[in-house]
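Could you walk me through this protein, one region at a time?

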Amino acid sequence: MRKKDPEVFQTVSDGLKKLYKTKLLPLEEHYKFHEFHSPALENADFDNKPMVLLVGQYSTGKTSFIRYLLEQDFPGMRIGPEPTTDSFIAVMHGDMEGLVPGNALVVDPKKPFRKLNAFGNAFLNRFVCAQLPNPVLESISVIDTPGILSGEKQRISRGYDFAAVLEWFAERVDRIILLFDAHKLDISDEFSEVIRALKNHEDKIRVVLNKADQIETQQLMRVYGALMWSLGKIVNTPEVIRVYIGSFWSQPLLIPDNRKLFEAEEQDLFKDIQSLPRNAALRKLNDLIKRARLAKVHAYIISSLKKEMPAVFGKENKKKELINSLGEIYARIEREHQISPGDFPNLKKMQDQLQSHDLNKFQPLKMKLLDAVDDMLAHDIAQLMVLVRQEETQRPNQVVKGGAFDGTLNGPFGHGYGEGAGEGIDELEWVVARDKPMYDEIFYTLSPVNGKVTGANAKKEMVKSKLPNTVLGKIWKLADIDKDGMLDDEEFALANHLIKVKLEGHELPSELPPHLVPPSKRKNPE
């Protein structure tokens, strides 16, 4: 029986903050969640702009990729074939250009980085924020990471837990872009470890196969296949991870054969990044649900261990025994509370962490705290979902603008401009007229009556293209401009032109663009 009405929230981020502080945080604190999994969330975590995390081996073009998106250099940027970026650089919007060192960043309550101080000075000396006024950064922030090296030496010399830092970021960002170089695909041990650290965040990962203009088409296909195979072994997801192929820097293409493919891939990737501000609230909601589920499981684990501990004698032996049999405890909790195995924390990691804790100081099960979280998941979240949808409709044009995102929006270098159905867009003459004499010859063999051929006769000719009926039906709809179920010579020529567009591998427009309307059918401005 539910006693009180659900909370009422003004905005999604206010709602998330309030739910977290009143319902989830008490459970986390009671069972030491922050010592085991991830530090407490702060207001800045709910308020900050969407973040994109770039990860890749050294010299795969991470820094160049950011420069390409922003279309300007940023403070602290160094590019070169050797490992140049040895720091984490958060590239964010600021009114003045400048660098903020890590130690200053982690005390700034407006930035979402305060909890990074847990990684110590070795990390903070390698963390900076580059601020600059740039339109792209008004809606997203980008995080550049040190190039991942191969071999054991580098891992030891970092001085901080690189994979753990990445995992911290992965939890908080909206998109993780893994960059690979089409030239050197070997995935080093450290890189595999890093990709595994991103586990549970597969939905945020996108892969970019960069520098693809430097190899021939046939080799590119082999490289793509090899990359998919290697990723499949490391990332265990039912869906195939989306890989974007291209050359993400502003230099001429070395081998321009695949220009069209690169353009289409770039457009898809840009659309994906541009949608981040619109989906940011939903992502934060999603992450809070994930966190709440883990916190619940954690509470069951901690309270089960507490229950098994003896009050007086044999504590140390019992602790060892319990840690060793943690797998069985997991299985029992899974059965008793109907929890899916995917919600449990990593067994080995949990066993290691428990070694340093006094299990007697753990708290027994307190149902009131768990009920509050269940209540939040069952009722309040549903309400926030409605609010997310409302916020989305109120701000429909929330997309990333500026930099490379504007380069292809309008004008002749927009994707597909002047190609396919767009051919002849800026010519005075009707583009179909070029081939109309040829189409007219066919038209007059179809025994037109009063200057028109019937649908049945036109169909006989159109099916010779071997295009499926669904496509021909769409072409018919576009070409039969006066909707009389018949085609005159201009409409017939237009239908054939659209068949040619489709056969050449272009998409059909959903509506007939003005430049394709036959001159006699155009409405003269009054």
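This is a predicted model: local features need pLDDT of at least 70, side-chain atom pairs count only at pLDDT 80 or more; totals for chains, interfaces and linings use all residues.

Residues are numbered from 1 along each chain as its sequence is written, and side-chain values use heavy atoms, leaving out hydrogens and water.

Let's turn to the inside. A nonpolar core here is a set of buried Ala, Val, Leu, Ile, Met, Phe, Trp, Tyr and Cys residues joined through side-chain atoms within 4.5 Å, and buried means under 20% relative accessible area, with exposed being over 50% and partly exposed in between (1.4 Å probe, protein chains only). The largest such core has 49 residues, and Phe113, Phe169, Leu178, Phe180 and Leu209 touch the most other members. Helix α8 (residues 162–172) gives the most to this core, namely six residues. Helices (H or I, at least four residues) and strands (E, at least two) are DSSP runs, numbered from the N terminus. Leaving aside residues up to four places away in sequence, the contacts (heavy atoms within 4.5 Å) of Phe169 are Leu53, Phe88, Phe113, Leu116, Phe127 and Ile143. Another core, of 45 residues, lies apart from it, and includes Leu19, Leu27, Val297 and Met376.

Next comes strand β7 (residues 205–210). Six of its six residues are buried, so the strand is largely enclosed by the rest of the structure. Ile205, Val207 and Leu209 point one way, whereas Arg206, Val208 and Asn210 point the other. In a regular strand the side chains alternate between the two faces of the sheet. Strand β6 (residues 175–181) runs parallel to β7 and is joined to it by six bridges; Leu178 has Val207 as its bridge partner in β7.

Finally, which residues of helix α14 are buried? They are Leu326, Ile329, Tyr330 and Ile333. Viewed down the axis of α14, these fall within an arc of 105 degrees (taken from the directions from the helix axis to the C-beta atoms), so they line one face of the helix. Their cover includes α12 (276–308), α13 (315–324) and α15 (347–355). Glu328 and Arg335, both exposed, sit on the face turned away from the buried side. Just after α14, Gln338 takes a positive phi of about 50 degrees.

Conventions. Two strands pair if DSSP finds at least two bridges between them.
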